Amino acid sequence: MYRTESDTLGALPVPAEAYWGVHTARAVENFQVSGIRLSAHPVLVRALTTVKHAAALANKEIGAIQPHKADAIVAACRDIEAGRHHDEFRVDVIQGGAGTSTNMNANEVIANLALEHMGYGRGRYDMLSPLDDVNRCQSTNDVYPTALRLAVSMVLNGLLAELGSLSKAFDAKGQEFAAIVKVGRTQLQDAVPMTLGQEFTAIGVTLAEDRARIGETLPLLHETSLGATAIGTGITAEPGYAAAAVRHLRTLTGLDLRPATDLVEATADTGVFLQVSGVLKRTAVKLSKVCNDLRLLSSGPQSGFAEINLPPRQAGSSIMPGKVNPVIPEMVNQIAYAVAGADVSITMAAENGQLQLNAFEPLIGHLLLTMVEWLTRGCAALRTKCVEGITANEERLARQVAGSVGSVTALTPHIGYAAAAAIAKQALATGSSVADLVEQTGLLSREQATGLMAPIPQSVPSVSG
C-alpha cells in the first residue's frame, strides 16, 4: 500500500505505513553510499528531535504556529526522544545538501507522528506541514549544526566517563606494582632503574590529562546558531523566536547553551568540530602508544620482554598451538588509526566549505560521532578485558635489574662521568656486577654503591576523576 506525496520536483509513491515522506524518499534514492542510516546514530536523532521540540515551544510562545499544532509536534518529539520510531530515520549518513535531507527526514517523521496525535492520517500535510509548521522559523543551516553540537556533546560525556575509569585502572595498577623494581628504557635501550608502579601511574596521569583536554571542548560545543536560518541573517524567523528557542533548548537539555555572538560567522564556521577532532586524535594517538607499550612489555612469553602478563582472551593462532596474542591492545591500536584518518577527512571537509555555509557537515558529523563511540568502547574494553587483569613477572624483572649497568648513572655525581662510563663498559664486557667493579676501584664501598643505585620510588598522587 502506498500514498502519493509531492514536492517541487513532482509526485512519488511513499509506503502508506511510513512516517517519512517524499523528501526522504528522494534522499534514500539519491544517497546510496555507506549503507549506514541516520538511525545508526541515535544520539543525533534525539538531538535533532530536541531542537524541533524547542522550536515548537518557541513558535507556540511567540504565536508563530497554532497551539494545537505545537502541542502535537511536542508530543511527536517526545515519542522520538523516548527512543521510538528511530528506524524511520532512513537517509544515508553521507549525503549532499549540507544536511538538508537529514533535516527533512526529521521534519516529515515528526509531522506524521504529530498528525497521528491529532487524529489524522499520514500525509495530511494540509492539517500540519513538515515545512510550514515543524520547520517554522528554521533552516537546515541552523538546525543541523546545533543538533550536531548537542549530539557530540552528549557522546563526549560518555567518553569522559570511560577515559576517567581507564585512567584510574592504570593508577590502581601503579599502586599495586609500587614496590616492583625494573629497568627503565629510552630508545629501547636499557636506562636507569624505576618501579613498574611508576610506569603504570604515569600512564594514568597522561590519560587524565587527555580527559581534561576533551572536557575543555564542551563549552565550545554549547554555542548555538538557532535563529540564524539560511546564512545567519535570520530571514523568515519571527521576532523573539531565537531567544525563545535557545531558552527552551537549554531547559530541555540541561546544558548551558548560549547564542552565538555573530550568527553569520556561526553558520559558516566549523572550527569547533576541528577542535574536537584534533583533541580526539591526540587522545587516540596516546592510547595507541600505551597499547604499543603494553604489547612490548608483554612480548614473549619466552623470547620477548615478558615483564608483564596480559590476561589471555582467545587462542592466537590457527597453526601454532598455545599461542596467545594481545588482541585487546591491537583492537585499540586500530581504533586509533581510524580516528587519525577521520581527523584528516574532517580537516578536508572543514577547509572546503565555501562562503556562508559548509556543505560537508554530514561527513563531519558522522565521523565525529563514530570517533567518539569507538574510543568510548575501546577504553571500556581496554580497562575491563586487559588492564585490570595485568600481572607482573617479578622474578624476571629482579634478574634484569640485578644485571643492568644502567644503575651506574646514579654514581655519576659521586665518581664522575668518565669513571662511571668506564665501569659500565667493563661490566658489559665481563659480565661483572657494577657494585663489584666500583668496590674494586676503591672509589666507593659496596654498601655505598648499592645504596646509591637503589631506585627511589617517587611519590605520585593517585589519579583523580
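This is a predicted model: local features need pLDDT of at least 70, side-chain atom pairs count only at pLDDT 80 or more; totals for chains, interfaces and linings use all residues.
Local features were taken only where pLDDT was at least 70 and side-chain atom pairs only at pLDDT 80 or more, whereas totals for chains, interfaces and linings use all residues. Residues are numbered from 1 along each chain as its sequence is written, and side-chain values rest on heavy atoms, with hydrogens and water left out.

Across the whole structure, 22 salt bridges were found, a salt bridge being a side-chain nitrogen of Lys or Arg within 4 Å of a carboxyl oxygen of Asp or Glu. One of these joins the side chains of Glu238 and Arg136, with an N to O distance of 3.3 Å. Glu238 is located in the loop between strand S5 (223-224) and helix H9 (241-253), and Arg136 in the loop between helix H5 (130-134) and helix H6 (140-176), so the bridge ties together parts that are 102 residues apart in sequence. Helices (H or I, at least four residues) and strands (E, at least two) are DSSP runs, numbered from the N terminus. Glu238 is partly exposed at a relative accessible area of 33%, and Arg136 is likewise partly exposed, at 26%. On this scale, buried means under 20% relative accessible area, exposed over 50%, and partly exposed in between (1.4 Å probe, protein chains only).

Glu176 is partly exposed, at 48% relative accessibility, whereas Lys173 is buried, at 8%. The side chains of Asp436 and Arg446 also form a salt bridge, for which the model gives an N to O distance of 1.6 Å. This pair links distant parts of the chain, with Asp436 in helix H17 (residues 434-441) and Arg446 in helix H18 (residues 446-453), 10 residues apart. Both partners are partly exposed, Asp436 with a relative accessible area of 27% and Arg446 with one of 29%. Beyond these pairs, a network of salt bridges links Lys182, Arg185, Glu199 and Glu307.

Two aromatic pairs were counted. Rings of Phe, Tyr and Trp (its six-membered ring) pair if their centres lie within 6.5 Å; planes under 30 degrees apart count as stacked, over 60 as edge-to-face and the rest as tilted. The ring centres of Phe170 and Phe200 are 6.0 Å apart and the planes lie at 35°, so this pair is tilted. Phe170 belongs to helix H6 and Phe200 to helix H7 (residues 196-215), and the pair, 30 residues apart, links distant parts of the chain. Phe170 is buried at 0% relative accessibility, and Phe200 is buried at 1%. Phe177 and Phe200 make an edge-to-face pair, with 5.4 Å from centre to centre and 80° between the planes. Phe177 is placed in the loop between H6 and strand S3 (181-186), 23 residues from Phe200 in helix H7. Phe177 is buried, as is Phe200. Through these ring pairs, Phe170, Phe177 and Phe200 are linked into a cluster.

Charged groups also sit over aromatic rings, the criterion being NZ of Lys or CZ of Arg within 6 Å of the ring centre and within 35 degrees of the ring normal. The charged end of Arg122 sits over the ring of Tyr19, 3.9 Å from its centre. The charged end of Arg149 is placed over the ring of Phe273, at 5.9 Å from the ring centre.

Arg122 is also among the residues that touch Ala18, together with Arg3 and Glu88, when residues up to four places away in sequence are not counted; contact here means heavy atoms within 4.5 Å. Ala18 lies in the loop between strand S2 (10-15) and helix H1 (22-30) and is buried, with a relative accessible area of 4%. From Ala18 to Gln448 the C-alpha to C-alpha distance is 84 Å, across 430 residues in sequence.

The largest pocket has a volume of about 480 Å³. A pocket is an open set of points on a 1 Å grid over the protein atoms alone, where a 1.4 Å probe fits, with protein on both sides within 12 Å along at least five of seven lines; lining residues have an atom within 4 Å of a point. Grid points are joined across faces, edges and corners, and the volume is the space filled by probe spheres set on the points. The lining of the largest pocket comprises 23 residues, of which Arg185, Met194, Glu199, Lys289 and Asp293 lie nearest its centre. S3, H7 and helix H11 (271-297) are the elements that give two or more residues to this lining. Arg185 and Glu199 also belong to the salt-bridge network with Lys182 and Glu307.
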